[in-house]
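I opened this structure to look up a few of its features one at a time. My notes follow in the order in which I made them.

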Amino acid sequence: MDISKIIKNLKDYWMKIDKIDRWIILLLILSFLIKVSSIFYLPFRGWDETVYLNLGYDLSKNPFSYSLLGSGWSDFIPSTDIIYGWPNIGFRAPLLPYIISIFYLLRLDFLIPLIIPLITTFSILLIYKLGKILFNKNVGLYAAILFSLVPIHIYSSGRIWTDAFVVFFILLTFISFWKGYENKNNNYKVLFGLFLALSLLARYTTLWIAPVFLLYFIIRDKSFKFLQDKYLWYAVLVFFLTLIPWFIYGFVFYSNPLGGFIHGFKASGYWGGVQSWNYFFENSWRIFSITGVFFVISLFFVFFKKLFLKKEVYILLIWIIFFSTIVMLMPHKEDRFIMPIVPVVCLISGLFISKLNKWRNLLLGIVGIILVFSLWNSNKIELKNSNDLTLACFSEGTKFLASNSISKNSLIITNQDPIAHYYTKKDILIYPSPWNLCSIENVIGYENVNRDVYIFFANYDMLMESSIKNDLDSNLKKVFECSKEYGYSAIYKYN
């Protein structure tokens with residue numbers, strides 16, 4: 001193999017590439033490396049992440065059972081509803097767990113941490129493509145740069161969550177929609193239905209994206225003549241055909257073809273408390289950094305110049321207004337829930353930058369520097385959190401439970417059900433609620449009376465002053481203890 005010839009060919013190819021495309025390639029490489037780096041300094045997976053990992057593992061064993069029955073672990077489902085409660089887990093959108101299951105099936109699970117960083121890196125390419133087809137290559141480039149540096153995007157990209165994952169499919173949906181129904185490509189018209197269905201299977205809140213296209217058609221045509229397009233109906237058909245397996249699942253497990261979706265929206269009120277409607281405004285700097293401020297300025301520009309009258313702009317405005325309104329009305333809110341509108345924030349900001357002529361590079365540079373500083377500060381906080389001593393002791397406890405000194409057939413009682421199961425590979429039960437040491441036998445059940453039972457206490461999820469710890473210390477044998485300043489965990493043998 002002639003290495004020098006290969007290098008020369010690559011160099012010649014690089015020189016032939018458009019300057020903007022070169023920037024995009026470099027941006028993709030840099031962004032992927034930044035996201036992958038988080039894997040090494042944030043090695044401990046939290047609740048939602050281990051839920052998806054556990055589901056993926058279970059599905060690799062039985063792809064036809066999307067349920068917690070007999071799984072040896074549980075997700076926190078406080079509902080006593082016979083149908084929309086344990087063991088059904090249709091409230092978790094299935095696409096990510098099924099993708100993870102393929103890696104487990106092929107014994108490539110060591111690559112699973114790369115799934116989200118890789119997909120979200122491709123999202124940067126897609127936002128460039130969307131900006132390019134809506135406006136021009138410059139807008140696409142500016143939007144891609146901003147998108148790659150927005151704190152919530154970087155933060156979500158390092159974790160096995162569906163929030164950044166779904167953005168990839170949403171961007172594919174909008175690209176196929178525009179190429180199909182504006183650029184008159186019939187193949188993309190049909191693909192629109194496929195990508196919209198995959199978006200919904202990636203995360204149920206995509207349902208709040210679907211009406212955007214209907215509103216766009218009505219505003220654009222000022223009539224319903226768009227319904228005459230047979231390819232739109234083909235797209236609708238493909239959409240429902242793609243969802244058929246999930247409808248069958250709903251019928252089998254919920255006696256309702258829409259059962260999984262219904263469970264998803266019921267479950268959204270189960271946990272996490274209720275946050276104010278203006279939660280995302282109050283936390284906008286942590287979520288967007290300077291990009292949020294820049295977006296507001298960009299909106300003033302869009303309305304001052306009456307750019308909102310252009311269809312390329314008002315589809316983005318419909319997208320952000322509709323989804324933002326719905327997500328602000330939801331009772332429980334987290335920073336990552338706003339991810340589906342981040343592309344719009346970046347695209348409209350990118351459009352504004354493109355209109356600044358000689359000042360655009362300077363302004364983009366200033367915004368970029370502030371974003372990099374925000375990311376550096378956020379990474380410091382995350383690194384500090386990853387070294388939290390309560391987390392360290394919890395991790396030590398899971399290592400003890402996973403060790404050969406504990407029988408594989410043991411049963412663990414803990415408050416961190418999916419996390420403990422993922423790290424110990426042992427069956428897990430959750431603490432009785434309200435706590436009562438005498439009720440442990442009821443939790444264990446008759447079928448588990450011959451198994452070794454361990455109770456795992458950690459101030460990762462409980463207060464040190466908890467009556468639970470006092471009960472355990474007074475009545476059971478302690479077989480493990482970790483104490484690191486304010487961090488603490490202990491494991492007790494029940495029988």
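Before starting, I note one term: two strands pair if DSSP finds at least two bridges between them. I also note that the model is predicted.

Entry 1, the strands. I looked up the partners of β5. β3 pairs with β5 in the antiparallel sense, over five bridges.

Is β5 enclosed or open? I found six of its seven residues buried, so β5 is largely enclosed by the rest of the structure.

I checked the length of α19, which covers residues 389–402. Its 14 residues should span 20 Å at 1.5 Å a residue, and the C-alpha atoms at its ends are 20 Å apart, so the two values agree. How many residues of α19 are buried? I counted 10 of the 14, and I put the helix down as mostly covered. Among the buried ones are L389, L391, C393, F394, F400 and L401. T390, S395, G397 and T398 are on the list of buried residues too. I then looked up what covers these residues: the cover includes the helices α18 and α20. It also includes the strands β1, β3, β4 and β5.

Is F373 buried or exposed? Its relative accessible area is 52%; exposed means over 50%, so F373 counts as exposed.

I turned to α8 (residues 163–181) and α16 (residues 311–329), which pack at an angle of about 145° with axes 13 Å apart. The crossing of α8 past α16 is right-handed. Which residues meet there? From α8 I listed I170, L171, F174, F177 and W178, and from α16 K311, E312, I315 and W319. By class, this contact has seven nonpolar residues, two charged ones and no polar ones.

I kept a general point in mind here: most residues other than glycine have a negative phi, and most peptide bonds are trans. The peptide bond from W86 to P87 is cis, with omega near 10°. P87 sits in the loop between α3 and α4.

R107 is not a glycine, yet its phi is positive, near 60°. I found R107 in the loop between α4 and α5, and it counts as exposed at 70% relative accessibility.

K425 is likewise not a glycine and has a positive phi of about 60°. Where is K425 found? It is in the loop between α20 and β2. At 52% relative accessibility, K425 counts as exposed.

Terms used
Residues are numbered from 1 along each chain as its sequence is written. This is a predicted model: local features need pLDDT of at least 70, side-chain atom pairs count only at pLDDT 80 or more; totals for chains, interfaces and linings use all residues. Side-chain values use heavy atoms; hydrogens and water are left out. Axes are lines fitted to C-alpha atoms, for helices over the stretch in contact, and angles run from 0 to 180 degrees between N-to-C directions. Helices (H or I, at least four residues) and strands (E, at least two) are DSSP runs, numbered from the N terminus. A crossing is left-handed if the near helix is turned anticlockwise from the far one by less than a right angle, and right-handed if clockwise. Contact means heavy atoms within 4.5 Å. Ala, Val, Leu, Ile, Met, Phe, Trp, Tyr, Cys and Pro count as nonpolar, Asp, Glu, Lys and Arg as charged, and the others, Gly among them, as polar. Buried means under 20% relative accessible area, exposed over 50%, partly exposed in between (1.4 Å probe, protein chains only). The expected span of a helix is 1.5 Å times one less than its number of residues.
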